[in-house]
Amino acid sequence: MEKPDLKKPKTWAGGAPAVASSMKHVIGRDGPLRGPRALLELNQIGGFDCPSCAWPDPDDERSVAEFCENGAKAVASEAMPAHVDRDFFARHSIDDLLARDDAWHDRQGRIAEPMVLREGATHYEPISWDEAFQLLASELNGLESPDEAVFYTSGRASNEAAFLYQLFARAFGTNNLPDCSNMCHESSGTALKQSIGVGKGTVTLDDFLEAEVILCVGQNPGTNHPRMLTTLEQAVKGGAKVVAINPLKEAGLTGFAHPQKVSGMLGKATSLASTYLQVRVNGDQALFRGIAKCLTADEPFIAAHTTGHDAYRRTLDATPWDRIEALSGISRSEIESLAGLLASGEKRVITCWAMGLTQHRNAVATLREIANVHLLLGAIGRPGAGLCPVRGHSNVQGDRTVGIWEKMPESFLAALDAQAGITSPRRHGHDTVASILAMHRGEAKVFFALGGNFAQACPDTSFTAEALRRCRLTCHVSTKLNRSHLVHGRRALILPCLGRSEDDAGRFVTCENSMGVVQMSRGTLKPCSDQLLSEPEIIAGLAEAVVGDTGKVRWRWLAEDYDRIRDWIEAVVPGFDAYNRRARQPGGFYLPNAAKERVWQTESGKAEFGCDDLDAFDPGEGRLILQTLRSHDQFNTTVYGNHDRYRGIANGRRIIFANPDDLKERGIGPLEPTRITSYAEDRTRTVEGFLAVPYDMPRGMAAAYFPEANELVPVGSVAEGSGTPTSKSIAIDIAP
Ligand SMILES: Nc1nc2c(c(=O)[nH]1)N[C@H]1C(S)=C(S)[C@@H](COP(=O)(O)OP(=O)(O)OC[C@H]3O[C@@H](n4cnc5c(=O)[nH]c(N)nc54)[C@H](O)[C@@H]3O)O[C@H]1N2
Ligand SMILES: Nc1nc2c(c(=O)[nH]1)N[C@H]1C(S)=C(S)[C@@H](COP(=O)(O)OP(=O)(O)OC[C@H]3O[C@@H](n4cnc5c(=O)[nH]c(N)nc54)[C@H](O)[C@@H]3O)O[C@H]1N2
Ligand SMILES: [Mo]
């Protein structure tokens with residue numbers, strides 16, 4: 001990689017540069033121009049669901065192409081021709097491919113046909129679908145217990161694929177169903193379930209237009225949820241105040257130029273955040289406790305709907321301001337004025353958040369503190385107010401709804417058993433981190449992934465790689481080549497599937513967005529290869545070979561017509577009444593959300609104030625807190641390019657951002673190579689050659705890109721209560 005180039009970070013997102021960048025990605029790909037046509041169908045009613053993020057589409061009208069630069073990149077990447085075939089693998093050995101970087105892997109195109117890596121081989125070779133299923137069956141049925149297999153899911157799988165997949169895992173006999181959510185919004189689900197009885201957000205897009213104040217905490221929407229900026233712009237123009245809480249000044253939070261409007265194309269940006277608090281990393285629990293301390297409770301709401309207020313009030317009174325200021329890095333007067341803003345008017349307040357809050361040791365406690373603030377204000381379950389975890393993968397929420405979880409409740413398992421005539425196991429399965437540990441110990445021996453890139457997405461890269469290498473078989477259902485195909489078990493399979501944008505013999509699937517809307521997604525592009533199967537077809541083939549038709553389950557019959565799978569989902573999961581009819585109605589339908597109706601499905605039957613110990617991550621004397629984050633040119637582990645336009649970085653991914661004074665103190669100049677060491681209870685971990693970038697952020701903080709920095713994330717360091725790796729609070733030091 002060339003030497004990176006540093007420019008001044010941007011102060012607004014979108015506009016003409018965003019359009020130019022998307023066009024480069026869409027038109028710059030070789031092969032037939034599948035990209036532009038795909039873009040026209042993106043997120044249109046009756047078109048396909050954007051594979052990039054889970055931000056909802058407007059319920060009524062949609063502009064031609066709800067424009068989004070990163071959606072365009074995702075579609076362009078999926079619309080590439082299928083050049084990764086038997087000739088490709090004959091030319092490139094595993095070692096050769098391992099030496100290439102992630103962006104190179106993505107540029108090679110789509111995977112064209114099923115491939116196998118035989119024991120001891122150096123190259124993948126072609127295999128027929130039938131032989132691949134037989135290989136899986138012999139490995140899976142040769143295990144001593146079904147719990148020696150792990151079935152991972154990434155959040156792009158449709159409801160139909162995900163439902164069939166969990167049915168297969170449970171019919172086979174295990175709840176080992178880890179998913180990317182374990183590394184993502186698990187903390188949100190855990191906290192919200194405890195506080196308000198539903199592990200999902202409580203707002204819709206319309207609420208944003210009625211809100212008076214919108215808090216954006218620990219998220220970077222300009223890059224990761226670009227269509228959210230359109231919503232924020234509308235809200236601001238309608239008089240709402242946006243408050244950003246983020247250690248970094250992110251361009252997408254300070255301003256937005258709408259790329260579909262003339263003013264936006266001319267670079268006329270709307271200012272977004274009217275208040276920007278550069279909180280210390282992991283200082284949010286303290287900040288929200290400070291806000292709560294200033295608020296007078298909405299007494300009628302508290303009396304009618306909540307429990308635990310008195311104990312929480314005593315906790316607030318007992319928390320001194322100097323501690324709140326020290327942990328959050330925000331002054332009492334700033335906190336008081338923010339609290340004043342929230343309490344003014346009709347308290348129509350929405351709080352949005354993403355990975356800046358969920359990937360810390362005390363993430364669940366932090367999110368409960370935020371829920372407490374909403375309970376004090378009564379700002380939940382009424383128009384313009386509520387809680388909004390902004391989901392990542394486009395169907396990560398739906399996958400969980402239809403059963404992808406290592407610990408689905410008894411009500412779900414009982415309904416599944418009744419419908420399918422099977423007996424699901426009741427022992428909880430492994431989540432993501434537990435799966436890594438089980439494979440590393442040699443207790444889990446077959447790893448199967450429905451999408452994703454486990455080797456790169458998981459913490460502790462070398463440790464996770466060793467865990468995968470100890471397996472007897474690793475198998476990936478994938479669209480694009482990635483490192484998880486190369487960090488393999490004794491034998492390995494790659495099973496190529498259709499992408500969202502491709503015609504699946506006229507069939508459609510459904511996805512649930514961040515706001516609980518279930519909608520159809522129908523691809524229309526000609527599949528890039530005639531060797532591909534759909535995900536439900538692959539799961540049916542696998543299930544038939546491994547467990548065979550069982551109870552009332554006829555695998556091939558179910559996968560033939562997705563209406564049948566939807567009928568089964570309707571029979572098992574509450575809220576899907578008339579699923580097949582309502583999936584066909586334009587715009588889809590909302591799933592019920594009890595908390596939104598002020599029905600609290602908690603143990604006490606009330607919304608519960610949490611009373612957790614106040615805490616913030618302490619990296620130790622002289623050390624920094626490292627957070628790992630996304631650049632503007634990637635979708636998780638898929639790296640489209642090496643730039644991070646809004647942060648002013650051209651051509652660099654192995655870089656470390658830090659406060660200029662922290663770098664100076666260590667004798668490190670701009671773009672000088674550094675060695676980074678992370679500290680954990682078990683051992684230290686070190687990476688070399690990350691170039692230093694002085695950046696506007698609080699003292700004691702640092703940031704580096706995911707997945708390059710995952711080597712530094714200790715596998716044993718997880719959020720309390722949710723098990724999410726603490727990818728945003730890692731104790732490190734940097735040396736020249
Ligand atoms: N283009 C694109 N879109 C994506 C993705 C992608 O990779 N590329 N990924 C998708 C997925 S799966 C997800 S989960 C989402 C992720 O969306 P984000 O959560 O926005 O992603 P990150 O880059 O991890 O950003 C974390 C943000 O939190 C801030 N932050 C870090 N620590 C703290 C803290 O302690 N407190 C506060 N207040 N802020 C903090 C960081 O400065 C950064 O702005 O995006 C989804 N959409
Ligand atoms: N250090 C650190 N680690 C993190 C994070 C972080 O912020 N910091 N973020 C975490 C988060 S929020 C998440 S969600 C995880 C993401 O973890 P994953 O979901 O496992 O990773 P992705 O990079 O999204 O997966 C990309 C791969 O999915 C495959 N794919 C794409 N489309 C399809 C499809 O339609 N079908 C199938 N079957 N396969 C497809 C492609 O082969 C592609 O290579 O990473 C987590 N890891
Ligand atoms: Mo995510």
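Ala, Val, Leu, Ile, Met, Phe, Trp, Tyr, Cys and Pro count as nonpolar, Asp, Glu, Lys and Arg as charged, and the others, Gly among them, as polar. The exercises below concern a predicted model.

**Exercise 1.** Describe the shell around ligand 2 by class and by domain.

Solution. 
1. The shell comprises 30 residues, and the closest are Tyr152, Ser154, Ala457, Glu535 and Thr637.
2. Sorted by class, 15 of the shell residues are polar, 10 nonpolar and 5 charged.
3. Domain 2 (84-182 + 419-497 + 533-576) and domain 3 (624-735) each supply at least three residues to this shell.

**Exercise 2.** Find polar contacts of ligand 2 with Tyr152, Gly452 and Thr479, then state how much of the ligand the protein buries.

Solution. 
1. The cut-off for a pair of N or O atoms is 3.5 Å.
2. An oxygen atom of ligand 2 lies 2.7 Å from a polar side-chain atom of Tyr152.
3. For Gly452, a polar backbone atom is 3.1 Å from an oxygen atom of the ligand.
4. With Thr479, an N or O atom of the side chain is 3.3 Å from a nitrogen atom of ligand 2.
5. The protein buries 96% of the 930 Å² that ligand 2 exposes when taken alone.

**Exercise 3.** Explain why helix 9 (residues 186-196) is described as largely enclosed.

Solution. 
1. Buried means under 20% relative accessible area.
2. Because 9 of its 11 residues are buried, helix 9 is largely enclosed by the rest of the structure.
3. After the helix comes Gly197, with a positive phi near 85°.

Technical notes: Residues are numbered from 1 along each chain as its sequence is written. Chains are lettered from A and ligands numbered from 1 in the order in which they are written. This is a predicted model: local features need pLDDT of at least 70, side-chain atom pairs count only at pLDDT 80 or more; totals for chains, interfaces and linings use all residues. Side-chain values use heavy atoms; hydrogens and water are left out. Buried means under 20% relative accessible area, exposed over 50%, partly exposed in between (1.4 Å probe, protein chains only). Helices (H or I, at least four residues) and strands (E, at least two) are DSSP runs, numbered from the N terminus. A residue is near a molecule or strand if one of its heavy atoms lies within 4 Å of it. A polar contact is a pair of N or O atoms within 3.5 Å; within protein, one must be able to donate a hydrogen and the other to accept it, and residues adjacent in sequence count only if both atoms are side-chain atoms. Accessible areas come from the Shrake-Rupley method with a 1.4 Å probe; for residues, only the protein chains shown count as cover. Domain bounds come from an automatic or database domain assignment.
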